[in-house]
Amino acid sequence: TGKLLLDIGSGCGNFIRGMSKINITAIYHGIEIEKHWYQRSLCFETKSVSETIHDVYFKHGDYDTLYFGTYDIIYCCNTVFTDEENDHLYSKRIHESKTGYYIILFRHHKKLISYLISQGKVETRWAGCVNVYVYFIK
């Protein structure tokens, strides 16, 4: 079976769409707090069946309702989070998650420095070129 990937703040599903196009075998879960973006993601979820992309699921709600321990990869474009929200996110990831999983973030935090394995830059439609950080929790 594939990996279980969580996209926090999945918006209309662009990250999941991109991952599925490069044939990453995974079960994709997206969670979005904004109802408008969640509803747009459902269009992608429906289209995915006709595009032979399976195992794509979106949920409307707050990521805090999810248990992180079941995920192999957690992705979050956390640039829109306040410092307090990011502190909570990092703490939740460290305390709830299992060992042997990846975290992909756009804002770095000192709590995760010992887990950093790679960093680079990506182009976004909302903020131009931004940093991206990849962590592996052993």
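Trainee: How many salt bridges does the count come to?
Mentor: The count comes to three salt bridges, where a salt bridge is a side-chain nitrogen of Lys or Arg within 4 Å of a carboxyl oxygen of Asp or Glu. This is a predicted model, where local features need pLDDT of at least 70 and side-chain atom pairs count only at pLDDT 80 or more, while totals for chains, interfaces and linings use all residues. Residues are numbered from 1 along each chain as its sequence is written, and side-chain values use heavy atoms, with hydrogens and water left out.

Trainee: Okay, which side chain does Lys 92 meet at 3.8 Å?
Mentor: That is Asp 64, in a salt bridge of 3.8 Å from N to O. Lys 92 lies in helix 3 (residues 83-96) and Asp 64 in the loop between strand 3 (56-60) and strand 4 (73-76), so the pair ties together parts that are 28 residues apart in sequence. Helices (H or I, at least four residues) and strands (E, at least two) are DSSP runs, numbered from the N terminus.

Trainee: And is Lys 92 buried or exposed?
Mentor: Lys 92 counts as buried, at 7% relative accessibility, whereas Asp 64 is partly exposed at 37%. Buried means under 20% relative accessible area, exposed over 50%, and partly exposed in between (1.4 Å probe, protein chains only).

Trainee: Where does Glu 96 come in?
Mentor: Glu 96 lies in helix 3 with Lys 92, four residues apart, about one turn of the helix. Their side chains meet in a salt bridge of 2.9 Å, N to O. Salt bridges that share partners join Asp 64, Lys 92 and Glu 96 into one network.

Trainee: Which side chain does Arg 107 meet?
Mentor: Arg 107 meets Asp 83 at 2.4 Å, N to O. This pair links distant parts of the chain, with Arg 107 in the loop between strand 5 (101-105) and strand 6 (116-124) and Asp 83 in helix 3, 24 residues apart. Asp 83 is exposed, with a relative accessible area of 53%, while Arg 107 is partly exposed at 26%.

Trainee: New topic: what does Asp 7 touch?
Mentor: Leaving out residues up to four places away in sequence, Asp 7 touches Phe 15, Ile 16, His 29, Gly 30, Ile 31 and Tyr 75, where contact means heavy atoms within 4.5 Å. Asp 7 sits in strand 1 (residues 3-8) and is buried, with a relative accessible area of 2%.

Trainee: Which residues in helix 1 are buried?
Mentor: Phe 15, Ile 16, Met 19 and Ser 20 are buried there. Seen down the axis of helix 1, its buried residues fall within an arc of 130°, so they line one face of the helix. The arc is that of the directions from the helix axis to the C-beta atoms.

Trainee: Last one, which residues lie nearest the centre of the largest pocket?
Mentor: Ile 8, Gly 9, Gly 11, Glu 32 and Cys 77 do, out of 31 lining residues. On a 1 Å grid over the protein atoms alone, a pocket is an open set of points where a 1.4 Å probe fits, with protein on both sides within 12 Å along at least five of seven lines, and lining residues have an atom within 4 Å of a point. Strand 6 gives the largest share of the lining, three residues.
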